[in-house]
Amino acid sequence: MDIFFTDPETIPLPPSEVRITQLEATPYPDGRRVHVLLCVTPFQVKPNADLAILDEEKNELASISIIESLLPRMEVNIHLPESYPNRTLYLQATLYYSQIEDPAQEGAQLQLVKEEVDHTLIQLTMPASSDASE
């Protein structure tokens, strides 16, 4: 196992104790992209994260997955299918670990098991003008 330390005072945590420490969403002026910052506690095992932009009724508009992050600070841009001027949307973050479970029966398919360790939902307001482009 490789563990990278940036601060010798931080202690990497086991999977069951890893938590989201910061979640921020910043819409771009074009109204079609959202910059996301996700920070988690130091970890012993590389975590996975699912990020989703939801509408007012909590229907998914766009999503992205981060698989086995090397760093506790993750930044991504999520692209939306269209502009949502002056709308309130939500950013949902789920932090999890996954493992492949070998079935007991011969010939059965392998299964991916997700173990969720933390979950956060924040609100964001999209910009008024969808005419600007970047």
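Here are some questions and answers about how features of this predicted model get their labels.

The model is predicted, with local features needing pLDDT of at least 70 and side-chain atom pairs counting only at pLDDT 80 or more, while totals for chains, interfaces and linings use all residues. Residues are numbered from 1 along each chain as its sequence is written, and side-chain values use heavy atoms, leaving out hydrogens and water.

Q: Why is Leu 23 called buried?
A: Buried means under 20% relative accessible area, exposed means over 50%, and partly exposed is in between (1.4 Å probe, protein chains only). Leu 23 comes in at 12%, so it counts as buried.

Q: What makes His 35 partly exposed?
A: His 35 has 21% relative accessibility, so it gets the partly exposed label.

Q: Where do Leu 23 and His 35 sit?
A: Strands are DSSP runs of E with at least two residues, numbered from the N terminus. Leu 23 belongs to strand β1 (residues 20–27), and His 35 to strand β2 (residues 33–40).

Q: What does Leu 23 touch?
A: Contact means heavy atoms within 4.5 Å. Setting aside residues up to four places away in sequence, the partners of Leu 23 include Val 36, Leu 38, Leu 91 and Ile 122. Leu 91 also stands opposite Ile 122 in β7.

Q: How do you know that His 35 and Glu 75 make a polar contact?
A: A polar contact is a pair of N or O atoms within 3.5 Å; within protein, one must be able to donate a hydrogen and the other to accept it, and residues adjacent in sequence count only if both atoms are side-chain atoms. The side chains of His 35 and Glu 75 are joined at 2.9 Å, so the pair falls within the 3.5 Å limit.

Q: How do you know that β6 and β7 pair?
A: Two strands pair if DSSP finds at least two bridges between them. Strand β6 (residues 88–101) is joined to β7 by 14 bridges, and the two run antiparallel. They belong to an open, antiparallel sheet of four strands, in the order β4-β3-β6-β7.

Q: What makes β4 and β7 edge strands?
A: β4 (60–66) and β7 (111–125) each pair on one side only.

Q: Why is Lys 58 called partly exposed?
A: Its relative accessible area is 40%, so Lys 58 counts as partly exposed. Lys 58 lies in the loop between β3 (48–54) and β4, with a positive phi of about 70° although it is not a glycine.
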